[in-house]
Amino acid sequence: MKQSRSLRQALPDYIPEAAVDKVADWFDANKVMLKISRDRHTKLGDFKSPHNGKPPSISVNFNLNKYSFLVTLLHEMAHATVFNNYKKRVAPHGAEWKCAFRELALPFLHSEVFPDEISAVFLNYLRNPAASSTSYLPLANTLRNYDVSTAGTVTVSMISPETLFSFGKGKVFRMLGKVRKRYRCFCLNDKKTYLFSPLATITPIADSKTVPSH
């Protein structure tokens, strides 16, 4: 994506319009390129430092809703800010990055860019932001509510232990509990235990009596 005027024209397709000027001004001031990426299952965005004569760049997946896109964009803008100030002398998600993330994000929270429910959980997240916003479930689940494709769906993190659910091609699981950042689930079909991402979309089974226990 070319910068300056074309950036301001394109950004409203990806972030709330109230955030466009602040974001565009930041990119102009910091001489960072913005790239809109294909859907990547392993990451939502990234920052690349200058190399081989190419300027620093930020990429964000094209298919995020506008609020998720902006949260991811601010995350990567913080990486770029830290690189400009420290190069590679500090930890990627250390104190410097957390401070930069808060300083970049707070003006957007105070200018009513986000709906109130997102602002509340985003502010809590910013008190000690993690390497990935998806690891903070209150924020990840709230942002998912604005995805057209996933609105109203249920994730593993939303159900209680012992709840039965279906996932994939006809497989039935029993949720056992959380282990660090994932959830242990027992498959009643092959009698194996699997680890699920907290954001895995599942279908709860209301009547557990019809399914045998493990």
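This briefing describes the sheets, nonpolar cores and aromatic contacts of the structure above.

The model is predicted: local features need pLDDT of at least 70, side-chain atom pairs count only at pLDDT 80 or more, and totals for chains, interfaces and linings use all residues. Residues are numbered from 1 along each chain as its sequence is written, and side-chain values use heavy atoms, with hydrogens and water left out. Helices (H or I, at least four residues) and strands (E, at least two) are DSSP runs, numbered from the N terminus. Two strands pair if DSSP finds at least two bridges between them.

- β2 and strand β3 (residues 57-61) run antiparallel and are joined by 4 bridges; F47 stands opposite I58 in β3.

**Nonpolar cores**

- A nonpolar core is a set of buried Ala, Val, Leu, Ile, Met, Phe, Trp, Tyr and Cys residues joined through side-chain atoms within 4.5 Å. Buried means under 20% relative accessible area, with a 1.4 Å probe and protein chains only; over 50% is exposed, and partly exposed lies in between.
- The largest nonpolar core has 41 residues, and F27, I58, L73 and F122 have the most contacts inside it.
- At least two residues of this core come from each of α2 (20-30), β3, α3, α4, α5 (116-126) and α6 (137-144). Helix α3 gives the most, with 10 residues.
- Leaving aside neighbours within four places in sequence, L73 is in contact (heavy atoms within 4.5 Å) with I15, V23, F27, L34, I58 and V60.
- A second, separate core has 12 residues, including I159, F165, F196 and I202.

**Aromatic contacts**

- Rings of Phe, Tyr and Trp (its six-membered ring) pair if their centres lie within 6.5 Å; planes under 30 degrees apart count as stacked, over 60 as edge-to-face and the rest as tilted.
- Across the whole structure there are 17 aromatic pairs. One of these is tilted and joins W97 and F101, at 5.2 Å centre to centre with 45° between the planes.
- W97 and F101 are separated by about one helical turn because they are 4 residues apart in helix α4 (residues 95-110). W97 counts as buried, at 0% relative accessibility, and F101 likewise counts as buried at 0%.
- F114 and F122 form an edge-to-face pair, 5.5 Å centre to centre with 75° between the planes. Both F114 and F122 are buried.
- One aromatic cluster is formed by Y67, W97, F101, F114, F122, Y125, Y136 and Y146.
- The charged end of K87 sits over the ring of F83, 5.3 Å from its centre. A charge sits over a ring if NZ of Lys or CZ of Arg is within 6 Å of the ring centre and within 35 degrees of the ring normal.

**Six-stranded sheet**

- An open sheet of 6 strands has the order β4-β9-β5-β6-β7-β8, with antiparallel pairing.
- β4 (154-155) and β8 (193-196) stand at the edges with a single partner strand each, so one side of each is left without a neighbour in the sheet.
- Strands β5 (residues 164-167) and β6 (residues 171-179) pair antiparallel over 4 bridges. The bridge partner of F165 in β6 is F173, while S166 stands opposite V172.
- The hairpin of β5 and β6 has 3 residues between the strands, and G168 takes a positive phi near 75°.
- β6 is joined to strand β7 (residues 182-187) by 6 bridges in the antiparallel sense, and K178 stands opposite Y183 in β7. Their hairpin has 2 residues between the strands, with a positive phi of about 55° at R180 in the turn.
- β7 and β8 pair antiparallel over 4 bridges, with F186 opposite T193 in β8. The hairpin of β7 and β8 has 5 residues between the strands, and K191 in the turn has a positive phi of about 60°.
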